[in-house]
Amino acid sequence: MTPTPTPIPQPVRAVRVDFNDYASSRAEIAKLERRLKAANVNLVALGAGRVDWTYFKWDGHEENWSSDVRDTGIDFLAEDAARFSRWAQVDAVVDVFAPRYIAAHPSAAAISWLGQPSPDLVSTTELVDGEFGRQLIAMLEYIAANYPVNSISITELSYYTIGYGEDDLRAYKAYTGRSDWPHHPNGLINIDDPSIGKWRSYEISRFLERAAAAVHRHGKKLSVDVEVSWGHLQLEATNKGQNYGLLLEHADRLIVWDYFGLSGYRPTYTAEIARYLSRYGRERIIISIGLWARGGKVISPDALQQAMEAALISDVPNLWITPSLYLSEEHWKVMTDLWNPPGQ
């Protein structure tokens, strides 16, 4: 299903919708929709799930449907995308974590620099050239072909302390011509050696080339979540395998994690982030303000306001607030006031 094109005003005003429990979420939808409309939101991001745990009915992959889908019989992505696409653009968020897949295929797990398997992420090589990567791209294409969404975004695609197994080493050696990972004098892998980030960003860009082709075949856009190199913006999270320039060779947009509440930076640092990112053009960058703060807390409404104001007066005014689950009445008021300027 292809949605009726909805002209999207600038700047982007996006909210990532999340629920404590999908099975009981239907009772929350009407109130949430009223709040989104009141805040002048024009892009609603919906969780599609993971390859091994979907919130939609992926035909032929019933074993991967979430318990919420199986127990209720509801295709949550279909219901919510149809609802919100009547008045906003819709993004389907796909998480690359794969705990159930790894439990069933232990050899697919990414290995940490200390030799421990990841419970959540498959190896870089498995993602790019393996069976898991093929299933992930099939999932992206299924959503693009069958759901009324305008775009699909990929989240959690970040490697730093993990991704050092034998399969990844072979790929690294082939790319760099080196005989081994770079090491510190104490024998540990030097995960900050620039050659690793450069190699991994190349591999991730290879995966995104195929992912973008699958999504673009159905007239949809592909976005990718990326991290911020706090205090060193010019590094562009390359050490996480997320070199911005390489990823933008295939992805349509980057959703940049401005999670200042977790980083220890002030909300006004958003201005620095926006200033740096302006080199890529306002159409290709969305700044994602995360509501998380250290110690399991939530950033204050005042901090949200400071960060939003810093972005809105910049050359990159596109904002994505996440997750809706943590938005208090005061947070909603900040968003509503800032996204409904006088005279609009």
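Modeller: Let's start with the residues tucked away in α6: Phe132, Gly133, Gln135, Leu136, Ile137, Met139, Leu140, Ile143 and Ala144 are buried. Buried here means under 20% relative accessible area, exposed means over 50%, and partly exposed is in between, using a 1.4 Å probe and protein chains only. This is a predicted model, where local features need pLDDT of at least 70 and side-chain atom pairs count only at pLDDT 80 or more, while totals for chains, interfaces and linings use all residues. Residues are numbered from 1 along each chain as its sequence is written, and side-chain values use heavy atoms, with hydrogens and water left out.

Helices (H or I, at least four residues) and strands (E, at least two) are DSSP runs, numbered from the N terminus. Helix α6 covers residues 131-146, and at 1.5 Å a residue its 16 residues should span 22 Å, which agrees with the 22 Å between its end C-alpha atoms. That expected span is 1.5 Å times one less than the number of residues.

The term stands for a side-chain nitrogen of Lys or Arg within 4 Å of a carboxyl oxygen of Asp or Glu. Glutamate 131 and arginine 134 make one through their side chains, at 3.3 Å from N to O. The two are about one helical turn apart, because three residues separate them in α6. Glutamate 131 counts as partly exposed at 36% relative accessibility, and arginine 134 is partly exposed too, at 44%.

Elsewhere, salt bridges with shared partners join Arg26, Glu79 and Asp80 into one network. In the whole structure there are 14 salt bridges. One of them pairs the side chains of arginine 26 and glutamate 79, at 3.1 Å from N to O. Arginine 26 sits in the loop between β1 (13-17) and α1 (29-38) and glutamate 79 in helix α3 (residues 76-84), so this pair ties together parts that are 53 residues apart in sequence. Arginine 26 also meets aspartate 80 in a salt bridge, at 2.6 Å from N to O.

Aspartate 80, by contrast, is buried, with a relative accessible area of 5%.
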